[in-house]
Amino acid sequence: MEPIKIQKVIDYIEENLTDDLSYDAIAAMMAISEADLQRSFKTITGMTISEYIRNRRLSCAAIAIKNENMKIVDAALLYGYQTAEGFGKAFKQYHGCTPLEAKSPESTIRYFNPVVIKLAKRGGILMDYEPHQEKADSVTAYYDASDELHRLTRSKHAYLEYFVTMQYLEKVIPQNSSILDCCAGTGVYAFELAKKHRVVASDLSGKHVRQMREIQKGKPVLEAVYQLDVCRMDCFEDESFDVVLCLGALYHIFSEEARIKAVQECKRVCKKGGILAFAYLNKWGNFYNGMINNLKSMEQLYREFESGNNEDIFYRTTAEEIESLCGGQGLECIDNIGVDHLAFLSSEKIDAMNEQEYQKILEYQLKASAERNIAGTSLHGLWIGKK
């Protein structure tokens, strides 16, 4: 079996990592027997399919528990374990610590990122292949190892970010707009907005682009899906869109020059008088989340706050700094809000609410977003403006 087909198997596993994976179905998809599939996979990657899936699931579960504050029982169920006990045993065997211990800032976990089959060209013939894993500290590797597809919908407290953001977007986007969602992730906003508007979606992550295209097969509502860097959107002409959404890139850009470039590119492809929206991570909310939930040592939190954070892939800023960044490029501010005020303090309580209670907290989250003096209490911020 050719290495390129093994890469297709890996891509399929990654796109369906939280689902039941059938070796028979994968083999049928590749038009080979299960025995040939297993043999070829082991020969090329150095591990069995079951070992690969187990390593990836336990790695993704650890990231969700440690970095995203997911409940242990939710992580266990999401990644294929029927009981917390079975999950805990497998987790400790793999990571050397329990899921609860993994939450501590002093604990370390094993990152097992997706294997990428690379071919080496020698003498005009493709001769060698090499299983390769991306570094865990890169943006693409992080999202390859994370479950962005379900991040905003897997719990009531996580949904707050989506709910408030969508309320504000729908308020300012004119009817029948042409929209570029240039940091679309897996398309949670793009597919919803495409019900009323003409939407083009793009993302830096190849995994996210594949997931959007897979969703698009069954729900073809997007005009196009691209893989691109928001700082280099040369495929789009000047003033191509009525609305440009940049709801992720500023989470990861440490260079001020690159942040300015990202805003300039979004402005370039937006029509005069058009709407632009930028999501960002708020320093204050992230600082207190880290402290209250004991995610990191205080020394690291202090360093991250002062630097904007050069110790992981996330860049934290403030509402004032975002205002300066966008205003400096000649954009007029409409709103600059927090979207998930203090939800990290009461995530379990929010998740346990009945529907009536939950609708009430959604109402109050919208009220909180209108209070600009408490924007810093959110983990996530949203700047909306006009060109």
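These legends walk through a few close-ups of a predicted model. Because the model is predicted, local features need pLDDT of at least 70 and side-chain atom pairs count only at pLDDT 80 or more, while totals for chains, interfaces and linings use all residues. Residues are numbered from 1 along each chain as its sequence is written, and side-chain values use heavy atoms, with hydrogens and water left out.

View 1. (Rings of Phe, Tyr and Trp, the last by its six-membered ring, pair if their centres lie within 6.5 Å; planes under 30 degrees apart are stacked, over 60 edge-to-face, the rest tilted.) Phe-287 is buried at 10% relative accessible area, while Tyr-288 is partly exposed at 36%. (Buried is under 20%, exposed over 50%, partly exposed in between, with a 1.4 Å probe and protein chains only.)

**View 2. A ring cluster, plus a lysine.** Ring pairs link Trp-284, Phe-287, Tyr-288, Tyr-302 and Phe-305. The charged end of Lys-283 sits over the Phe-305 ring, 5.1 Å from its centre. (That takes NZ of Lys or CZ of Arg within 6 Å of the ring centre and within 35 degrees of the ring normal.)

**View 3. Strand S10 and its partners.** Six of the seven residues of S10 (residues 380–386) are buried, so the strand is largely enclosed by the rest of the structure. (Strands are DSSP runs of E, at least two residues, numbered from the N terminus; two pair if DSSP finds at least two bridges between them.) S7 (residues 270–282) runs antiparallel to S10, joined by seven bridges, with Phe-278 partnering Trp-383. S9 (residues 332–338) pairs antiparallel with S10 over six bridges, and Ile-337 partners Leu-382.

Methods. Helices (H or I, at least four residues) and strands (E, at least two) are DSSP runs, numbered from the N terminus.
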